[in-house]
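Biologist: Can you walk me through this one? Keep it simple, please.
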Amino acid sequence: MLKTLHVATVVISLALFVGRGSWFYIFGKQLTSRWLKIIPHVNDTFLLVTGITLAVRIQQYPFAHSWLTVKLICLVIYIVLGMLAMKWHKGTRAGLYCWVGAILVFLYMISVALSKNPLPLALN
């Protein structure tokens, strides 16, 4: 059940990020609804908590297992790219590139999680 919750929060997180960015970069309008600013943070908190809990339960930890180390590093890169895209470079070409880059990093993290291997799309 914990893994299902984690996967659900992953899907929701990606959908919200892609949706918010698409709305802005395609339609040029900022989403002003208060709940659209709060929900991603609540969901990402659940995502982080379930991820940490899963790592503890399966007894695999960053810096001890390479695939989790890569996921952690990619998480930091995703957060930085997301902040660049949605806050600091919003509406610029650089912001668009950061937004696309963040999505690609997120998809790479999913690949690593599915394969438990830091090589892209590697299968065990």
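Modeller: First, one term. Contact means heavy atoms within 4.5 Å. Also, keep in mind that this is a predicted model.

Biologist: Okay. Leaving out residues up to four places away in sequence, what does Thr9 touch?
Modeller: Thr9 touches Asn43, Phe46, Leu47 and Thr50, with residues up to four places away in sequence left out.

Biologist: Where is Thr9 placed?
Modeller: Thr9 is in helix H1, which covers residues 2–27.

Biologist: Is Thr9 buried or exposed, and why?
Modeller: Thr9 is buried, because its relative accessibility is 4%. The cut-off for buried is under 20%.

Biologist: What lies 2.7 Å from a polar atom of the Thr9 side chain?
Modeller: That is the backbone oxygen of His6.

Biologist: Now Asn43. Which helix is Asn43 in?
Modeller: Asn43 is in helix H2.

Biologist: And is Asn43 buried or exposed?
Modeller: Asn43 is buried, with a relative accessible area of 7%. Not counting residues up to four places away in sequence, Asn43 touches Thr9, Ile12 and Ser13.

Biologist: Which other residues of H2 are buried?
Modeller: Besides Asn43, the buried residues of H2 include Leu36, Pro40, Leu47, Thr50, Leu54 and Ala55.

Biologist: What covers the buried residues of H2?
Modeller: The cover includes H1 and H3.

Biologist: How far does H2 reach from its first C-alpha to its last?
Modeller: H2 has 24 residues and reaches 35 Å. That is close to the 34 Å expected at 1.5 Å a residue.

Biologist: What about the loop between H2 and H3? Which residue lies there?
Modeller: His65 is one of the residues in that loop. His65 is partly exposed, because its relative accessibility is 27%. Leaving aside neighbours within four places in sequence, His65 is in contact with Gln59 and Gln60.

Biologist: How far apart are the C-alpha atoms of His65 and Val76?
Modeller: They are separated by 17 Å, and the two residues are eleven places apart along the chain.

Biologist: On to H3. How many residues does H3 have?
Modeller: H3 has 23 residues, running over 66–88. From first C-alpha to last, H3 reaches 31 Å, close to the expected 33 Å.

Biologist: Which residues of H3 are buried?
Modeller: They are Trp67, Leu68, Thr69, Cys74, Tyr78, Leu81, Gly82, Ala85 and Met86.

Biologist: What do the buried residues of H3 pack against?
Modeller: They pack against H1, H2 and H4.

Biologist: Tell me about Trp67. Why does Trp67 count as buried?
Modeller: Trp67 counts as buried because its relative accessibility is 9%. With residues up to four places away in sequence not counted, Trp67 touches Ile58, Gln60, Val112, Ala113, Lys116, Asn117 and Pro118.

Biologist: How far is Trp67 from Ser115 in space, C-alpha to C-alpha?
Modeller: The distance is 8.7 Å, although Trp67 and Ser115 are 48 residues apart in sequence.

Biologist: Switch to H4. Why does the span of H4 agree with what it should be?
Modeller: H4 has 23 residues, so at 1.5 Å a residue H4 should span 33 Å. The end C-alpha atoms of H4 are 33 Å apart, which agrees.

Biologist: What do the buried residues of H4 pack against?
Modeller: They pack against H1 and H3. The buried residues of H4 include Cys98, Trp99, Gly101, Phe106 and Ser115.

Biologist: Let's take Gly101. Buried or exposed?
Modeller: Gly101 is buried, with a relative accessible area of 18%. Gly101 and Gly82 are 19 residues apart in sequence, and their C-alpha atoms are 8.6 Å apart in space.

Biologist: Which residues form the nonpolar patch on the surface?
Modeller: Leu96, Tyr97, Val100, Leu104 and Leu107 form that patch, with about 460 Å² of accessible area together. Leu96 is in helix H4. Leu96 is partly exposed, with a relative accessible area of 32%.

Biologist: Last topic. Which residue with a positive phi follows H4?
Modeller: Lys116 does, with phi near 55°. Most residues other than glycine have a negative phi. Lys116 is a residue other than glycine with a positive value. Lys116 counts as partly exposed, because its relative accessibility is 37%.

Biologist: And what follows H2?
Modeller: Gln59 follows H2, and the phi of Gln59 is positive too, near 55°.

Notes: Residues numbered from 1 in each chain as written. Predicted model: local features only at pLDDT ≥ 70, side-chain atom pairs only at ≥ 80, totals over all residues. Heavy atoms only, no water. Helix = DSSP H or I, 4+ residues; strand = E, 2+ residues; numbered from the N terminus. Buried < 20%, exposed > 50% of the residue type's maximum accessible area, 1.4 Å probe, protein only. Polar contact = N/O pair within 3.5 Å; in protein donor to acceptor, adjacent residues only side chain to side chain. Expected span 1.5 Å × (residues − 1). Patch = residues over 30% accessible without salt bridge, like charges linked within 9 Å, V, L, I, M, F, W, Y side chains within 5 Å. Areas by Shrake-Rupley, 256 points an atom, 1.4 Å probe, with all protein chains shown as cover. Salt bridge = Lys/Arg side-chain N within 4 Å of Asp/Glu carboxyl O.
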